[in-house]
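Visitor: I would like to learn how to read a fold from its parts. Can we go feature by feature?

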Amino acid sequence: MKPFPILVFLLFIQVTFGQIQNKVDFIRAEIHILPEPYEKSIKGEVNYEFEVLQNVDSVFLDAINMDFSSVLLDGKPVKYANTGRAIIINKKFKKEREYILSLNYNTSPKQTVYFSRWEYPDSLLVKNSTKGLRRDIAGVQRGIDNRLLGALNREKGQIWTQGQGKYTSHWLPSLDDMNDKIEFDLSITFDSLYQVVSNGKLLEKEDLGNVSTWRFDMQKPMSSYLVAFGIGNYLKQTIQSSSGIPIELYYEPQDSLKVEPTYRYTKLIFDFLEEEIGIPYPWENYKQIPVHDFLYAGMENTGATIFSNTFMVDSIAFIDKNYVNVNAHELAHQWFGNLVTEQSGEHHWLHEGFATFYAYLAEKEIFGEDYYYWKLYETASSLYNFSKDGNGEALTNPNAGSLTFYEKGAWALVMLREQIGKEAFKQGIKEYLQKNAYQNVTISDFMKEMSKASGQNLCDFEKAWLYDSTFPMDVAENFLFKHNRSLEAYFTLKKAKEAANDSTMQKLIKQYWNVTNSDNFKRQVLLDYANDIQDEELFHLVKGEGVRVRQALALIIPKVSDILQPIFESILMDKSYVTQEAVLYQLWSDFPEKRSEYLNKTSNVIGLPNKNVRMLWLALALATPDYRNESKRNFYEELSGYTHPQYHFEVRLLAFRYLKNLGAFSDEVLKNLVNACNHYVWYFKKSSRKFLKEFLKGEGNIDRLKSIYAQLDKQEKEYLDKTLSK
């Protein structure tokens, strides 16, 4: 049946989310989608079961820029209006009746579904593992079908979703309001060579020739922003929690050696959270899926966390950037956010503050109390510095930033547990989750249970920690002073410094240095007071200390003296890529006569997932006169090649920065820079646009951009037209 003309929508504009929530109960959604990666589109079918609680004249679903080929109510065509933002079904729906709404649709989502690394097959090389031969596949765009293209792209191509906060309606007709909880069962048809992952239990994978259909079943309801899927060339390891929950750990084949350090402590975290929270894990299974160019660190989709593949690290990178905190944070959300969900943004603390708090407790279990309390001190310092200039935010402010919801929220729970005691706190958490399971909650719902469990009036706590915009640093420091010996020593040293002069400060530091064995204490002392210590004393203090302490020296010393040169040379190859990057640059800068020696020593180091050490090495090798001149072209091609869209945006950003500093933007790099100006990750896009604007100020550079104009795609041309017109 033809849809209503758009003007008809005006007759039904009175329909509101409140009416849907209060008068219509959407119970279950049976979904089947076919992603088309090269067209960046979704073909879908969805059947919604809903019950009418009160008589209504229409119902609607959020549906962003979708085309509907079929709209059926109980199997029969029904009139509808498609506004571009919603689909409205006009009919007198009777109280206490159940209906089935069936939709067939097609959409090309501008956000929420991300088709990563499908558009550059000509940049890939396929390697024959038995003969060691390489075959250039640039010809795939000249007639090879999508099936072969998919096979050749399999190492790179991914599709994944990010639906928080109200974005799932960009690919699935749904209800964006978090207060609507529905059981979503998803089936996905895609190329059989790939792995498909979604919420719930995989019931079956039905092979249909070159394609397969994966069918997933959810047994409990959830908000639509938590519906997710990921598609890629994945392998997996499956472990099991002590309570018997399957935990699926996904990875790409090239990251097989990074599986252990990346997912290290996963079972411990899972078991710890179940025990600490006191409520069994509420879903059928748990999956973790790393994806390329993810917008954030991770996202707690129900039973299926998607996270950035920059957390896929080796054991050396683990010390500087590991997945442990994100792992614990997203898992804690399965209770706080997914099992119980906020009613509105005023209650966002119930998601992020709780996930942050429990992640800190998990890290305490893994890395020890000293690590835990120093992390709390770092966050307290950030919160205090943020709030002391009048920028503080209340936890009940729906527009507060991440620092408030995450870190101040975690601190509020630390202090609440301190006030009422661990047993009452745990009992209150348990009652809160049990009474509100699979429902929406407010802060008052939580505080009611905590007051009941503790027998305390918590109004003063709420005023100080939830409603006040300031951060009580004095209260936080007293708590830390009381609970941690190394922080007690640190605060005592800070106070002593106020009365010390330059001649006595070094003696004070030497006196306090070994009061505690805490690397965290020594690291912070160096970061704060290294400039008050003579180089000879620094040398003796740091000699024999651990990697994190030596790293602090590398990060804080602005210029390496002859006295410190030996110790810097000794830590150049410390098992920390952050240390290696900092020390290589300092030694290269401060001792020109030994540049070749330092470069030779680090020539095979790649570094963190953003290739931090390798990228610096290439830039320094290019900037060093007479260093391997015969290879300089290769060095430049490697460095400039990292700007290509097939690489992670963090790699590209670092490459752009070094090439800008070298003044070495080739035409190919410029094409990649213009491409980056339209990237969906906002801060990468912002940085790239800044690079381009600065480049345009150079003499003749506008003409250079015009010379590559014909090689750009439509979107890139549109951005360049807009930029040049300014």
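Visitor: In which sense do β21 and β23 pair, and over how many bridges?

Guide: This is a predicted model, so keep that in mind throughout. To read a strand pair, look at the direction and the bridges. β21 and β23 pair in the parallel sense, over five bridges. As a landmark, K287 stands opposite A304 in β23.

Visitor: Which sheet do these strands belong to, and in what order do its strands run?

Guide: Read a sheet from one side to the other. Here five strands form an open sheet, ordered β19-β20-β21-β23-β22, with mixed pairing. The edge strands are β19 (235-240) and β22 (298-299), and each pairs on one side only.

Visitor: How do β20 and β21 pair?

Guide: Strand β20 (residues 246-251) and strand β21 (residues 286-291) pair in the parallel sense, over three bridges. Look for L249: its bridge partner in β21 is Q288.

Visitor: And in which sense do β22 and β23 pair?

Guide: Antiparallel, over two bridges. G298 stands opposite F307 in β23. The two strands form a hairpin with four residues between them.

Visitor: Next, rings. How many aromatic pairs does a search of the whole structure find?

Guide: The search finds 57 aromatic pairs. To classify one, take the distance between centres and the angle between planes. For Y38 and W118 the ring centres are 5.4 Å apart and the planes are at 90°, so the pair is edge-to-face.

Visitor: Why does the pair of Y38 and W118 tie together parts that are apart in sequence?

Guide: Locate both residues. Y38 lies in the loop between β1 (24-36) and β2 (41-52), and W118 in the loop between β9 (113-116) and β10 (125-127), so the pair ties together parts that are 80 residues apart in sequence. Y38 is partly exposed, with a relative accessible area of 25%. W118 counts as buried, at 3% relative accessibility.

Visitor: How are the rings of Y263 and F307 arranged?

Guide: Their centres are 6.1 Å apart and their planes at 85°, so this pair is edge-to-face. The pair links distant parts of the chain, 44 residues apart: Y263 is in the loop between α3 (259-262) and α4 (266-277), and F307 is in strand β23 (residues 304-308). Y263 and F307 are both buried.

Visitor: Which residues form one aromatic cluster?

Guide: F336, W349, F354, F357, Y358, F425, Y432 and F446 do. Rings can also meet charges. The charged end of K321 sits over the ring of F311, 4.9 Å from its centre. The charged end of R595 sits over the ring of W588, 3.7 Å from its centre.

Visitor: What covers the buried residues of α23?

Guide: First find them. Buried residues in α23 include F649, L653, F656 and Y658. Their cover includes α19 (577-590), α21 (612-623), α22 (632-641), α24 (667-676) and α25 (682-696).

Methods. Residues are numbered from 1 along each chain as its sequence is written. This is a predicted model: local features need pLDDT of at least 70, side-chain atom pairs count only at pLDDT 80 or more; totals for chains, interfaces and linings use all residues. Side-chain values use heavy atoms; hydrogens and water are left out. Rings of Phe, Tyr and Trp (its six-membered ring) pair if their centres lie within 6.5 Å; planes under 30 degrees apart count as stacked, over 60 as edge-to-face and the rest as tilted. Buried means under 20% relative accessible area, exposed over 50%, partly exposed in between (1.4 Å probe, protein chains only). A charge sits over a ring if NZ of Lys or CZ of Arg is within 6 Å of the ring centre and within 35 degrees of the ring normal. Two strands pair if DSSP finds at least two bridges between them. Contact means heavy atoms within 4.5 Å.
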